[in-house]
Amino acid sequence: MAHLNDSDLWSHSLQMTSERELPSKVEMDTLLGLYFRYMYPFTPMFIRKSFMEQHALNRPDLSQILILNAIFCNACWYSDDPLIRQDSTKYFNRAKIILDD
């Protein structure tokens, strides 16, 4: 049985299925901004600079997609836009599917 590395996972099992796709860069930056403004000061779970450097690579691995969806799920609640707040459930479900795989 062959083992898959991160690159293989990206091309094989992360072919942008609805559960694992990420929002546009603009939406991600907005949600990350909300997270870092409202949540990160109280729950700093990682080093912001390192996280943002990884995020800038634009090719997240499965664990990063999970973390991003968890962040987006929580960040949605700090938006003034009711449509973005509704997306919280979508990001929660995406993160849960990844955890359950």
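**Asp100 is an exposed residue, with a relative accessibility of 53%, in a salt bridge with Lys96.** Here, buried stands for under 20% relative accessible area, exposed for over 50%, and partly exposed for anything in between (1.4 Å probe, protein chains only). This is a predicted model, in which local features need pLDDT of at least 70 and side-chain atom pairs count only at pLDDT 80 or more, while totals for chains, interfaces and linings use all residues. Residues are numbered from 1 along each chain as its sequence is written, and side-chain values use heavy atoms, with hydrogens and water left out. Helices (H or I, at least four residues) and strands (E, at least two) are DSSP runs, numbered from the N terminus. Lys96 is partly exposed, at 39% relative accessibility.

**Lys90 and Asp87 form another salt bridge of the model.** In this pair, the closest N and O atoms lie 3.7 Å apart. Because Lys90 and Asp87 are three residues apart in helix α5 (residues 82-100), about one helical turn separates them. Lys90 is partly exposed, with a relative accessible area of 32%, and Asp87 also counts as partly exposed, at 21% relative accessibility.

**Aromatic rings around Phe36 belong to a cluster made of Tyr35, Phe36, Tyr40, Phe46 and Phe51, linked by ring pairs.** Rings of Phe, Tyr and Trp (its six-membered ring) pair if their centres lie within 6.5 Å, and planes under 30 degrees apart count as stacked, over 60 as edge-to-face and the rest as tilted. Over the whole structure, a search finds 10 aromatic pairs. In one of these, Phe36 and Tyr40 are edge-to-face, with 5.0 Å from centre to centre and 65° between the planes. Phe36 is buried, with a relative accessibility of 6%, and Tyr40 is buried too, with a relative accessible area of 16%. The ring centres of Phe36 and Phe46 are 6.3 Å apart and their planes meet at 85°, so this pair is also edge-to-face. Because Phe36 lies in helix α2 (residues 25-39) and Phe46 in the loop between α2 and α3 (48-56), the pair ties together parts that are 10 residues apart in sequence. Like Phe36, Phe46 is buried.

**Arg48 is placed over the face of the Phe36 ring.** Arg48 lies 4.2 Å from the ring centre. A charge sits over a ring if NZ of Lys or CZ of Arg is within 6 Å of the ring centre and within 35 degrees of the ring normal.

**Asn69 is a buried residue, with a relative accessible area of 0%, in helix α4.** This helix spans residues 62-75. Leaving aside residues up to four places away in sequence, Asn69 touches Leu22, Tyr91, Arg94, Ala95 and Ile98, where contact means heavy atoms within 4.5 Å.

**Helix α1 (residues 6-12) has the lowest mean pLDDT among the elements of the protein chain, at 42.** The value pLDDT is the predictor's confidence in each residue, from 0 to 100. Helix α2, by contrast, has the highest mean, at 94. Over residues 1-16 pLDDT stays under 50, and for this stretch the model has 17 contacts beyond four places in sequence. Where pLDDT is low, the predicted coordinates should not be read in detail. For the protein chain the mean pLDDT is 82, with 80% of its residues at 70 or more.

**The protein chain has five helices and zero strands.** Of its 101 residues, 31% count as buried. Among contacts between residues at least 6 apart in sequence, 60% join residues at least 24 apart.

Key:
Salt bridge = Lys/Arg side-chain N within 4 Å of Asp/Glu carboxyl O.
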